[in-house]
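Me: I would like to learn how to read a few features of a protein model. Please take them one at a time.

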Amino acid sequence: MSKQGGSEEQLAPYSMADLGSALPTGSAALSAEDRAGLVNALKDKLQHLAGQQSGFLDSLSPAVKNRVSALQEFQSKHDELEAKFFEERAALEAKYQKLYEPLYTKRFEIVNGITDVESKDEPGNNTSTDENREEEKGVPEFWLTAMKTNEVLSVQITDRDEGALKYLKDIKWCRIDNPKGFKIDFYFDTNPFFKNSVLTKTYHMIDDNEPILERAIGD
């Protein structure tokens, strides 16, 4: 709840998370743009309602109104702490993203055969029967395998996708600030499916702290 000016009471503002969870089940079939439009329409309607005086609060006794006022103060303090939490979380994410980078670089080099790791096989345990076979480099189809073993991604990968994803060399993610959201770059080796070496997907979020997609841009 919130109080603005004099003794006039206002309805409590809704968070974007509440709007997202309030969408009907069938809305999952809507496109990202349609879902964003629906959420924005709901948001506009609720903001309009929030500007109207609450008859419910007017009907309360002075003692209950006093308790509600105290709760409003608690909510304001909570909002201040939450804002600080989001600020510190963003700084922490940025800190660890830098710490992750050397690991991602090593992974890229090993997956793509740029560097190798020391073999842990004991001498004499090489079971290959074809001595003339060219030694495999890196980890073939690493990203395709990783995606197919992910419960969310696996159901979205088609047979046609598999052909192209076999050439995927690396995936990089970064947060963007204006507008709020994030970007994913997919790096591909030369392949018969498309000429681009990098495919980019950008996701704009309605609120950086709420997981509701406004729109997606990219290949």
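This is a predicted model: local features need pLDDT of at least 70, side-chain atom pairs count only at pLDDT 80 or more; totals for chains, interfaces and linings use all residues.

Me: How is a pair of aromatic rings described, and how many aromatic pairs does the structure hold?

Reply: A pair of aromatic rings is described by how far apart the centres are and by the angle of the planes. The structure holds 8 aromatic pairs. One of them joins Phe 142 and Trp 143, with 5.1 Å centre to centre and 85° between the planes, an edge-to-face pair.

Me: Is Trp 143 buried or exposed?

Reply: Trp 143 has 11% relative accessibility, so it counts as buried, because buried means under 20%. Phe 142, at 27%, counts as partly exposed.

Me: Why is the pair of Trp 173 and Phe 182 called tilted?

Reply: Its planes are at 35° and its ring centres 6.5 Å apart, so the pair is tilted; under 30 degrees would count as stacked and over 60 as edge-to-face. Trp 173 is partly exposed at 37% relative accessibility, and Phe 182 is partly exposed at 23%.

Me: Which residues form one aromatic cluster?

Reply: Tyr 96, Tyr 100 and Tyr 104 form one.

Me: Where does the charged end of Lys 172 sit?

Reply: It sits over the ring of Tyr 187, 5.4 Å from the ring centre.

Me: What is the phi of Glu 141?

Reply: Most residues other than glycine have a negative phi. Glu 141 is not a glycine, yet its phi is positive, about 55°. Glu 141 lies in the loop between helix H4 (62-111) and helix H5 (142-148). Its relative accessible area is 36%, so Glu 141 is partly exposed.

Technical notes: Residues are numbered from 1 along each chain as its sequence is written. Side-chain values use heavy atoms; hydrogens and water are left out. Rings of Phe, Tyr and Trp (its six-membered ring) pair if their centres lie within 6.5 Å; planes under 30 degrees apart count as stacked, over 60 as edge-to-face and the rest as tilted. Buried means under 20% relative accessible area, exposed over 50%, partly exposed in between (1.4 Å probe, protein chains only). A charge sits over a ring if NZ of Lys or CZ of Arg is within 6 Å of the ring centre and within 35 degrees of the ring normal. Helices (H or I, at least four residues) and strands (E, at least two) are DSSP runs, numbered from the N terminus.
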